[in-house]
Amino acid sequence: MASQKDTLTIRGTKVIVEVKFIPNRDLKFFVKNPRIYSIVREANEEPSQEEIEEKMRDMDHVRDLVRRIRRHGGLIEPLIVRKDTWEVIEGNSRLAAYRILSKEKDPSKWHKVKCHILPANTKRSLISSLLGEYHFKGKKGWPKFEEAGFLCRCYHDEGVSIEELVEESGLSKSVVEHLIKTYKFMEDNNDTHASRWSYYDVYLKSKKLKKLRDNYPTFDTVVVGMIKNEEFKEARDVRDKLPLICEGSKKTIENFLEKKIDFEAAVSKASENKGGINGEKTLNKFRKWIAHPGRFDELASVNGELHKKISFEITSIFDCVKKLRDKLDQK
């Protein structure tokens, strides 16, 4: 069957594509596709096409695609393929599904797959934009880790501006910047395991931890090591417990960083002072409130039942303050 022509419009550029049925075994998985790329990075070396196929065969969404493609009798959307390399730019999961079908059911029926073939000279930036259109604004959303990796490579490797990425992804500027920063942090620390994304995500979002990271240069090294060694039970520990250490004494923080005490012990010691820290803030607010010019006249000018209630509260506060003052003096 002779190929036909069709048109894709990417970033305002019209790209003429061939529409053709190609043997699925002639096609290659696209290593730079975010979903494939996460497999590559976890292995720390580029896997073979066979290894990629084997991993994708076990993915739940691929098995679901097999059922849907079989039910429909073929693809609803064609694969998008680059002509010079025969890499599947978009549709790697569908390619994996076709490979499964061609082995399990009627090989002749699933031997060839419908493709839109991009010209060999298609710019890399247009390919990235096309992927973004499918997965940010379309129905085939990537997990956050894969979104972050895609945006990070667009920004650092291809020089796409933050403003362009905001426009193409539909995400806010702050979200785009955070995703890029977090993925780059993972890359710089040689840990691009998708399963650990949530730990780094909450770690870099915390304003309290940012202050600690700025003041203690080794803090990142210690926390990254704990994430890699799976010393946190869940990402919630990084989000909720780790910031508590910020409220501990300088000695507690330093002992934690020097591994003289473990994470739980550091959190426990810091929490001992937490009530005191919160109490000091509350007392400070109360002192400023009651000492405000005109406050005494305001409270003393009331009459009737309200006068009795205010008098009772002031007397009770006075008694409590006296007892606390005695305890503080004893200590």
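View 1. Tryptophan 289 is partly exposed at 40% relative accessible area, since buried means under 20%, exposed over 50% and partly exposed in between (1.4 Å probe, protein chains only). Phenylalanine 286 is also partly exposed, at 33%. Both residues lie in helix α15 (residues 274-290), three residues apart, about one turn of the helix. Helices are DSSP runs (H or I, at least four residues), numbered from the N terminus. The structure holds ten aromatic pairs. In the pair of phenylalanine 286 and tryptophan 289, ring centres are 6.3 Å apart and planes meet at 25°, so it is stacked. Rings of Phe, Tyr and Trp (its six-membered ring) pair with centres within 6.5 Å; planes under 30 degrees apart are stacked, over 60 edge-to-face, the rest tilted.

**View 2. The largest nonpolar core.** This core has 59 residues. Tyr203, Phe219, Phe232, Leu242 and Phe256 have the most contacts inside it. Apart from it lies another core of 24 residues, among them Met56 and Val113. A nonpolar core joins buried Ala, Val, Leu, Ile, Met, Phe, Trp, Tyr and Cys residues through side-chain atoms within 4.5 Å.

**View 3. Helix α4 (residues 92-104).** Eleven of its 13 residues are buried, including Arg94 and Tyr98. Aspartate 106 follows α4, with a positive phi near 40°.

**Model notes.** Residues are numbered from 1 along each chain as its sequence is written, and side-chain values use heavy atoms, without hydrogens or water. In this predicted model, local features need pLDDT of at least 70 and side-chain atom pairs 80 or more, while totals for chains, interfaces and linings use all residues.

Note on methods:
Helix = DSSP H or I, 4+ residues; strand = E, 2+ residues; numbered from the N terminus. Expected span 1.5 Å × (residues − 1).
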